[in-house]
Amino acid sequence: MSETLIRLYRNFFFRKILRVAVTVFIVSTLTFFIVRLMPGNPIDIYISSLMSTQGMSYQEARQMALAMFSIDLDAPLHLQYIQYLSNLIRGDLGVSITSTGTPVAKMIAEFLPWTLFSVSLSLFASFGIGVALGMVMAYRRGGIFDTILTGICTIMSAIPNYIVGILVIVFIGIQWNLYPLETMRGTYTSTITPGFTIEFIVDVFKHVLWPFITYVVCTFGGWALSMRANTISTLGEDYITVAKAKGLKESRITFSYVGRNAILPLFTSLTISFGFIFGGSLLIENIFVYKGIGWLLWSAINERDYPTMQGVFLIMTTAVVLSVTIADVLYGLIDPRVRRGE
Amino acid sequence: MTKEKYLVKWRGTASKTIGLLKTIYASKHGTVGFLILLIYLFMAFFGSSIRPLDTTPKPGQMYLPPSIKYPLGTDNQGRDTLSFIVNGTFDVLYISLVASMVSVILAVLVGSVSGFKGGTVDSILMYISDIILNIPQFPLMAVLSGLMRLTDVSLAMLMGVLSWPSLAKAIRSQVLSLKERDFIEAARLLDLGTRHIVFTELMPNLMPYIAVSFALAMTYSIYNYVGLVFLGFVPFRAYNWGVMINHAWVLGAIYNRDSILWILSPIIAIVGLEVGVIMFSRGLELAFNPRLRK
Amino acid sequence: MRPILSIKGLSVEYLSPRGRVKAVRNVNLEVYKGEILFLVGESGAGKSTLGLTLLKLLPEGIAKVVGGEVIYHRDDGGNLNILKLRKGRLRRFRWKEVAMVFQGAMNSLNPIMKIKDQMYDVIKDHGVRLSKREAYKKIEELLAMVRLDAKRVLKSYPHQLSGGMKQRVMIAMSLLLDPKLLILDEPTTALDVLTQKNIMNVLKDIRDKLHLTMIFITHDLSLAAELADRIAIMYAGSIVEVGSVEQIFYRPKHPYTHGLLKSVPKLTSEIGKLESIPGFPPDMINLPPGCKFHPRCVFRRDICMEKEPFLQKVEENHYTACWRWRDIFGEE
Amino acid sequence: MGKSENTPLLELRGVYKAYKVGGFLRKVKVNAIEDIWLSLGEADIISLVGESGCGKTTTGKVAVGLLKPDKGEVLYKGKNIWEMTKEEFKEFRRNVQMMHQDPYSSLNPMLTVYKTLSAPLFRHGLASDREEAVERIARLLRLVGLTPPEEYMEKYPHQLSGGERQRVAFARTLSLNPKLIVADEPVSMIDVSLRASILNLMLDMREKFKVSYVYITHDLITARYFSRKHLLMIMYLGSIVETGQTDRIIKEPLHPYTQVLLSALPEPDPRITRSKKLIALRSLDVPSLLRMPTGCKFHPRCPFFKKGLCDVKRPTLIEVESGRRVACHLYGS
C-alpha cells in the first residue's frame, strides 16, 4: 500500500467516514439481495398481482413493474445491482408500489420529521430525568429513596416499551377513560390544516403526549441506573476527595467535578440511542398510529411495498451509523484524554 | 473409576451445586428470580398436562370474570385464558433460550478469540461486530420475518445471530483485562495447557459476565419475539402470549371493558418473566464470584 | 514548643461486611509548630485513615469516628475541634489552615479540567481577594518553587503530565492559600527514585522558605531518615513509639520499631543476614488481646497478652507503648 | 561448544525486542530492549536494576520464553529455546519459572490455594490423587513458611494478606522444582517488615535446591542484599549501562547513571542519608521511548555530557576492569 493511502487511513475523520460508507454499502447490498433472492421474488409477485387485479397482460404488467422498480429485470444480477447502487448514489430510492407513483424518498421526507420530533423530544426528556435521578440516587446510595428507585428503574427498563404502550391505551384511553382515545392515536387531527397555527401546534403536542410518556417511562430507568453507577464510581475517585480537601464549594464539586466526569460516558450512549430509537419506533408508532418512519416501515412490510421497505430500512441504518460516528467525534471533543488523530 | 472415588467426586459436584443454590438463596433478588423462573419452567413442561389447551369456543361464556373454574376468566370466544397462558409459556421460553444461547455462544467465541489473538484477527472481528451493531436489529428482523415466513427455530437463530456483537465486545474487554493478569502468565509458565487455562483459570472469572449477558440476551429476545408476533410478522400459533395480545388488539377486544383480564394476563406473564430473568441474573452474578460471598 | 494540632484519644472504625475494622485506636499525638512529623507504619496500620480524619475527610457512612477529638490551635490563640466543624466553616478551614497532598499522584487531579482552572477554583471558592492577574502571578511563583515550567503546565490537562510533575502540581496547589499545616500522604509512592528525590528536595525547599508544619505519612523509613524532625511509629491502629529521628533510629524502645529497623537493608554499611519480624500483621477486625504486637514479639510475657500497653515516657520527647522496654532495651 | 561442564544454565545473546504500538495499519515500533547479554549458571544470581519502563520486565519475559526476541538468542543449557523440540521446550518450561510483582494479580481469585497449587502437580504427574497432592502441597506451604498448611489450603486469595499471597505464589513457582526463577519485583508490594523474610526464603531455596535467580527490581538496596557477591546489571531505557559484582558497583559506581541513582537513594539511617551529596541531573524528564535520544541514551540528563560525542555516538559495553563493563564515553576510547 502506498504511503499516501496509509497516511489517509491514519486520519481520524477519514476513517470515520470510511466506516459510515462501508456500513451503508453493506446494508444496501444486503437489502438488495434479500429482496432479489427471496423465495417468491417480489417483482414477480407484483407482476402477478397487477395481472390479477388490473387485468393487465403479462407484458404490460412487466413493463409497469420495471418502471416501478427502475431496474432492468432482464439484465444479469450484477448489472441490476450496479444500476441499483448508482440510483442510490443519486438519492433515487425507487417508487412506492402501494401509493402508486410516489417516490420513496418523498414519502420518507414526509414521515421522517414526525419521528424526529417525537423521538428527540422524548430522548432528551428521559435523559434529563434519568441523569438527575441517577445523581440523586448515587448521593443517597443505600437509603430508602435509592433502594426504591433502583428497584423501579430496574423493572421499568426490563418491561418492553410496547407493553407500556398497550397498557397506556387500555387503561388511560379505554378502561379509565382519562384521555380521548382519538387524540392518543394519530399524529394530528385530520380536520385541522397543518401549518404554523397555535391550534395545530397544540394539537400536535396533544397527540405526541402519550407516545412521549411511553418512551420516557421505558427509558429513563436505564439512564438513571447508568448515571447512578457512573456517579458512584466518580465519587470514589481520589480527585473528589482532593476537591473536598481543597474546600471547594459543594455546588462546584457536584457539578464540575462529579457531574461532568460521570455524565461524560453517557453522552456517547445518548448520541447512539438517538440513532437506534428510529428502529425502536416501529412498535410504539404502530400502537399509537403515529405516522412516523416506523409506522411507514410497518405498513410497507404489511403491504409488501418493497421499494419503500428498502428505502426506510436504509434510512434507519444510516441514522444509526451516523449517530455512532457523531458520538465518536463528539467524545473526542468533550474528553480531553481522547486525542483526535492518534 | 472406583466406586469410592466416584462417590467423592459426586459429592463434590453435589455440594458445589448446593453451594451455588445457597449463594443464590442468600441474595434476595436471586431467590425471588429463581422462584419466578421455577414457576415458568413448571408451566412450560407440565402446563399442558395439568391445564390442557381449551380450544372449543363457548359463545355464551365471553369475557367471564375470574372464578374457580376459570381463574383468569375467559377470552373473546369464551375459552379458558389460563390454559392459553400456561400453554404459551413453552414457546416464549424455548425461542428466547435458543436465541440467547446462540447469541451468548457466538459472543463468547468471538469475544475471547478477539481478546486473546489480538492484532489483525481482533481488528477484523471487531470491525464486523461494529457493522452488525450499526444495523437496527428490530427493523431488520421485522423486514426479514415479514418477508420470509420464518420458522420458530430459524427466527430464534436469526435473533441470536444479530444480537451477539455488544456482548462480544463486553466479553472481549473482560478477556483483555484478564489476559494481562499475572495468574494467566503463571499458568502458561507452569505449562498447565490451554484447556486448563481456558476452563479453570479464565472461565470462572468470565462466568459472572456470561451469566449477566445471558440474562440480558434473554430479555432482549423475549422483547423481540413477542414484539414481532404482536406486529403479526411471525407465523401464528394459536396459543402464544404475543398472539393473545395481537388478537385482543386487532380484533378490537381492547375496546370492550370486560376484556381487561384477557389482555392483562399475557402482559403480566411477559413482564413477570422479564423481571424474573433479571433478578435471577443478579443472584447468579453473586454466586459466581467468591469475592462477593461471605 | 507550641502545638498546632492535638489529637486526643482518637478512634476510627470502618464498617465492612465481615465486621468493624478498627483502623485507628486511641491515638494521642501533638504536632508542634514548624516541625516535620513523620507518621510511619505498614499497610493497614491506620496511618492514612488518621491523615484523612485530620481534615474530616473520612468517607461518610463507611467510616466513623468512635471517640476522641482533633484540636487545631489557631495562630490567634483560638482552638477549633476539627471533628465538630460544620459544613461552611469546615469548608473554609480546609486548605486555608490545613492542606493535604495525597498518595497516588495519578488520580488527584480532575482529568477533564486544565491545571489552570483547578488551581484557580481554589482561589475563587475561598474568596481570596486577588485580581485574576495577581492570582496567576501567585500560581506561577508556586509552580516555580516546585521547579515546574508554569507556562506549559498551566494549560495542560493532567494526562499530559508525568507522575512526578502531577505530584509537584499538587504540592504547589496545596500552598496556594498559605496553609499553616501540610499533610503529605505517601507523596512519593509509585514514583521512580530520581523523581522521588526531586520531590523530597522540593519539600526541603518549602521547609526552608516557608517554615510550615508538615505531617508526612509513609511506610518508608528511609524517607523519614532524610527529612523528619520527629517520628511516630504506628502499628495496628495505634502509635507504639514516638520520638525524635535520633531516638527512633538509634535508640528505639519498642520491639516493633527495633524489628522494623533490623529488617530493612542498607546500602553503604556492612550487613549480615537481615532478620525480619516473624508472622504477619494482625487482622484489623479480630485484633489479639493485650498488646497488639505480642503474637509477633519475641520478648512477650504474660502481661503483654492480657493488658494493652499505653505510651510511657522513656526520656524527654520519647515515648513507647511497651510493658517491657526497660527489660529489653535497658535504661538510658 | 559442546555440553561441557561450563555450559551456562541460561544465556541471552544480543537480544532485541520491540513492541508495536497502535492498531491495525497504524503500528509504530518501540524498542523495549536492545542488545541484552546475560549468562548465569547453577545457583547463580543476577540482579537486574532499573527504573520503570527501562525494559527489565521485558528482559525477564524474554528469558523465561514468554516473549520471543526479535533478534538474538535465548539459550537454555546451550540450546536455543526457540529451536527446541517440543519435549525439550517442555523441560525448559518446567525448569524456568517466574515470580510476579503483584500478589493480588498473580493468584486467580476464583481458585483456592489447594486448586492453585495442585494444578501443576497433577499436570506434570507429581501427584496422582488428592491425598498425594495434599501431602505435597503441605510440604510446599511449610517450605514457604505458611503453617499450619491445613489452614491455608481451602482459602481463597482474598482471604489472605499480601505477604501470605506472595508466599503462596512462591510455593507455586517451587512446585515443579525449577532450576531458575526469574523474580520480577517480588517484594516491592510487600510490607517492609516482611520483605527480608521473603528474600531470605528465596536465598534459602538457593542453598537447598541450587535454584538460580534473575532478580528484577527498581530498588538497588534490596538488589544489593540479594546479590551481594553476584552480578548486578544496571539498565537504562532498554540497554545495559553497567555490569559487575554488586558490592563493587555499589562501592564505586562507574556509569554516570549509576552514580546519580546511588546518590539519590535515601537510606534508613539519618546520619548517612543526610550527609549524602546528590549528583544533579541536567534534566528530570525521562525521554519518551517513542523519541529515543541519539547517541548515548542518557546524554540529555547526564551531568558529564560532552557535546559532539555523547549525542552522536552510542557507547558500547566495554570491559574497563576484570568483571566490570560500562557503556559510557568517559571510559576507554
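Which residues have the most contacts inside the largest nonpolar core? They are C:Leu5, C:Phe38, C:Leu203 and C:Ile231, in a core of 285 residues. This is a predicted model, where local features need pLDDT of at least 70, side-chain atom pairs count only at pLDDT 80 or more, and totals for chains, interfaces and linings use all residues. Residues are numbered from 1 along each chain as its sequence is written, chains are lettered from A and ligands numbered from 1 in the order in which they are written, and side-chain values use heavy atoms, without hydrogens and water.

**Nonpolar cores**

- A nonpolar core is a set of buried Ala, Val, Leu, Ile, Met, Phe, Trp, Tyr and Cys residues joined through side-chain atoms within 4.5 Å.
- Buried means under 20% relative accessible area, exposed over 50%, and partly exposed in between (1.4 Å probe, protein chains only).
- The largest core has 285 residues, and helix α8 (residues 193-231) of chain B gives the most to this core, with 17 residues.
- A second, separate core of 66 residues includes D:Ala127, D:Leu140, D:Ile190 and D:Leu201.
- Beyond its neighbours within four places in sequence, C:Leu203 is in contact with C:Ile171, C:Leu184, C:Met214, C:Phe216 and C:Leu227; contact means heavy atoms within 4.5 Å.
- In soluble globular proteins, nonpolar side chains tend to be buried together.

**Interface of chains C and D**

- Five pairs of chains are in contact, and chains C and D share the most contacts.
- Chain C puts in 42 residues and chain D 45 residues.
- The two chains bury about 3,900 Å² between them, 59% of it on carbon and sulfur atoms. Buried area is the accessible area (1.4 Å probe) that two parts lose on being put together, summed over both.
- On the chain C side, C:Leu194, C:Leu267 and C:Phe280 lose the most area to chain D, together 22% of what that side buries.
- Two salt bridges link chain C and chain D. A salt bridge puts a side-chain nitrogen of Lys or Arg within 4 Å of a carboxyl oxygen of Asp or Glu.
- C:Lys273 and D:Asp204 form a salt bridge through their side chains (3.6 Å, N to O).
- Of the chain C side that touches chain D, α8(C) gives the most, with seven residues.

**Local detail in chain C**

- Helices (H or I, at least four residues) and strands (E, at least two) are DSSP runs, numbered from the N terminus.
- In helix α10 (residues 255-263) of chain C, seven of nine residues are buried, including C:Tyr256, C:Leu260 and C:Leu261.
- The buried residues of α10(C) pack against several elements, among them β9 (230-235) of chain C and α7 (192-209) of chain D.
- C:Thr49 lies in helix α1 (residues 47-53) of chain C. C:Thr49 counts as buried because its relative accessibility is 8%.
- The side chains of C:Thr49 and C:Tyr14 make a polar contact of 3.3 Å.

**Chain B**

- Chain B has 10 helices and zero strands.
- Of its 294 residues, 56% count as buried.
- Chain B and chain C do not touch; their nearest C-alpha atoms are 7 Å apart.

Note on methods:
A polar contact is a pair of N or O atoms within 3.5 Å; within protein, one must be able to donate a hydrogen and the other to accept it, and residues adjacent in sequence count only if both atoms are side-chain atoms.
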